[in-house]
Amino acid sequence: MRHHFLVALGAALLLGACAALGPDYERPATGLPGTYPDAPADLAATAAVRTEWWKLYADPQLDELVASALERNADVRFAVARIEEADANLREAGAAFLPEIDLGGTPQRQRISSGTATPIPPGIPLVRNDIRLTVGTSFEIDFWGKLRRALEATRALALSSRYAREVVNQSLEGLTTQAYFSLRSLDAQIAFTRGILESREEALTFVRNRARGGIASDLDLNQAELARADASIQLKELLRQRALAEHQLATLTGRLDLQLASGDLLALPMPPLPPAGLPSTLLERRPDIRQAEQQLVAVNAQIGIAKAAMFPTISLISYAGGESMALSTVLTSGASIWSLGFGLTLPIFDAGRYAARTQAAEARQKQAVAGYQKAVETAFREVADALTSVQQTTAAEEDLQASLVAARNALRLARLRYEAGYSAYLEVLDAQRTANVSELGFLRNRQARLSASVDLMKALGGGWSADPMPVSSAALRDAGGK
């Protein structure tokens, strides 16, 4: 019996080694341009930087916030749980290649009728025991590759869950850094606006004294009061925005009681520009593209699963054990029983059900191809946009600096002219507004420049290493490398 069982098992495994139905995966052509629009030629000479790119800004507070976000944010915990689920599904798919062995026992006591047409021979008891103990197995032979395609799809989804976690991590890193820069920009604007408010309060006092002496008019006094009120309103609005930015950081980092002291935006260094490289490297560098590709691999494998359902399902069915009237003799040689066979199921008439399922799987594969292509195109656009933003904000900073210097000089001269009686107070107000706009414009451009550098790092997949993003394969080995 054992010999027959091993022969049947070997034949089943041999049959299962046939080629799997359905198309084998091939990466779709993306048609990316050879270079990014307006990419500087000297970017390729920049050295590679580790993936912890936010440390380039040399701010310990920022480093702490990003680390807290990666550790405590609810989205990260959700992504980790999805990975654990995918790993369990992968182990289950790998286990389908091995037979499931079950232990069965059916003890029963029964009575047979003595009034049947066939008389019961003498000595045969009407009440008897029947104890049956077996070890059996039944598993599907993967003749058409359905199980292999299922494992292929599950493995791809397990990889996709890991890339999804990297997408979450990179999104959190970027959002936390951007929110921190916004907070520091608001700190700088608040400090500047407080200085403006103090200056306008001093100017109001000066105009009041001149009005009491009959030198300044009521119009000058009202204009000075209006300017002070505008600065006070602007300060309150900036304080409100800072509180909201701090609340956002608290949510991102999982520290709802977060309170940050004021900082200096201009003290943050501008990091070196990363090399844009070739657009084709995005396919290996960006986790969202890798995630979309693994989803495409999964739906591509599902076509083979759908096609295999149209062919016969072949199963090996066997058991061995003993059957006796008493438990003490159920394992003796005379009570042994065994069975070995194959089961076959073939759909004869399904009204087109399985063909429709195959067509639906092929349609899902086309959708996944479109989703992959969109992810690639979006990544290319994001890199191109970030490169443009970095260049333009960098170029604008020199002009804004010159504008700020000129506005400050104009304000100083306007005050001197007013105090000397050569001009009306309206000229001072115009110079104040111009200086205010120039100062805030410079600060906001610096924030935009820092934010653009973050966008570029995110668009290039986090950092700019030439190596593809590593993905742990410990769970993939659990399936036995099938």
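Arg148 is partly exposed, with a relative accessible area of 24%. Its salt-bridge partner is Asp142, and the closest N and O atoms of the two residues are 2.8 Å apart. Asp142 is buried, at a relative accessible area of 7%. These values, like the others in this report, are computed from a predicted model.

**Salt bridges**

Side chains of opposite charge can pair when their charged atoms come close. In this protein the count comes to 24 salt bridges.

| Salt bridge | N to O distance |
|---|---|
| Lys55 and Glu52 | 3.1 Å |
| Arg148 and Asp142 | 2.8 Å |
| Asp187 and Arg242 | 2.4 Å |

Both members of the pair formed by Lys55 and Glu52 are partly exposed: Lys55 has a relative accessible area of 34%, and Glu52 has one of 30%.

The side chains of Asp187 and Arg242 also meet in a salt bridge. Asp187 belongs to helix H4 and Arg242 to helix H5 (residues 218-253), so the pair ties together parts that are 55 residues apart in sequence. Asp187 is buried, with a relative accessible area of 6%; Arg242 is buried as well, with a value of 12%. Through salt bridges that share partners, Arg184, Asp187, Arg242 and Glu246 are joined into one network.

**Helix packing**

Two packed helices are described by the angle between their axes and the distance between the axes. Helix H2 (residues 60-72) packs against helix H4 (residues 146-212) at an angle of about 145°, and the axes are 9 Å apart. The crossing of H2 past H4 is right-handed. On the H2 side the contact is made by Gln61, Leu62, Leu65, Val66, Ala69 and Leu70. H4 contributes Asn169, Leu172, Glu173, Thr176, Thr177, Tyr180, Phe181 and Arg184.

**Surface features**

A nonpolar patch on the surface is formed by Ile101, Leu103, Leu133, Val135 and Leu331, which together have about 530 Å² of accessible area. Strands S1 (101-105) and S3 (127-141) each supply at least two residues of this patch. Ile101 lies in strand S1 and is exposed, with a relative accessible area of 59%.

Asp399, in helix H8 (residues 353-419), is exposed at 56% relative accessibility. The C-alpha atoms of Asp399 and Phe442 are separated by 9.2 Å, the two residues being 43 residues apart along the chain.

**Overall composition**

The secondary structure comprises 10 helices and five strands. Of the 482 residues in the protein, 40% are buried. The protein exposes about 25,600 Å², of which carbon and sulfur atoms supply 57%. Among contacts with a separation of 6 or more, 85% involve residues 24 or more positions apart.

Note on methods:
Residues are numbered from 1 along each chain as its sequence is written. This is a predicted model: local features need pLDDT of at least 70, side-chain atom pairs count only at pLDDT 80 or more; totals for chains, interfaces and linings use all residues. Side-chain values use heavy atoms; hydrogens and water are left out. Patches are made of residues with over 30% relative accessible area and no salt bridge: like charges are joined within 9 Å, nonpolar side chains (Val, Leu, Ile, Met, Phe, Trp, Tyr) within 5 Å. Accessible areas come from the Shrake-Rupley method with a 1.4 Å probe; for residues, only the protein chains shown count as cover. A salt bridge is a side-chain nitrogen of Lys or Arg within 4 Å of a carboxyl oxygen of Asp or Glu. Helices (H or I, at least four residues) and strands (E, at least two) are DSSP runs, numbered from the N terminus. Buried means under 20% relative accessible area, exposed over 50%, partly exposed in between (1.4 Å probe, protein chains only). Axes are lines fitted to C-alpha atoms, for helices over the stretch in contact, and angles run from 0 to 180 degrees between N-to-C directions. A crossing is left-handed if the near helix is turned anticlockwise from the far one by less than a right angle, and right-handed if clockwise. Contact means heavy atoms within 4.5 Å.
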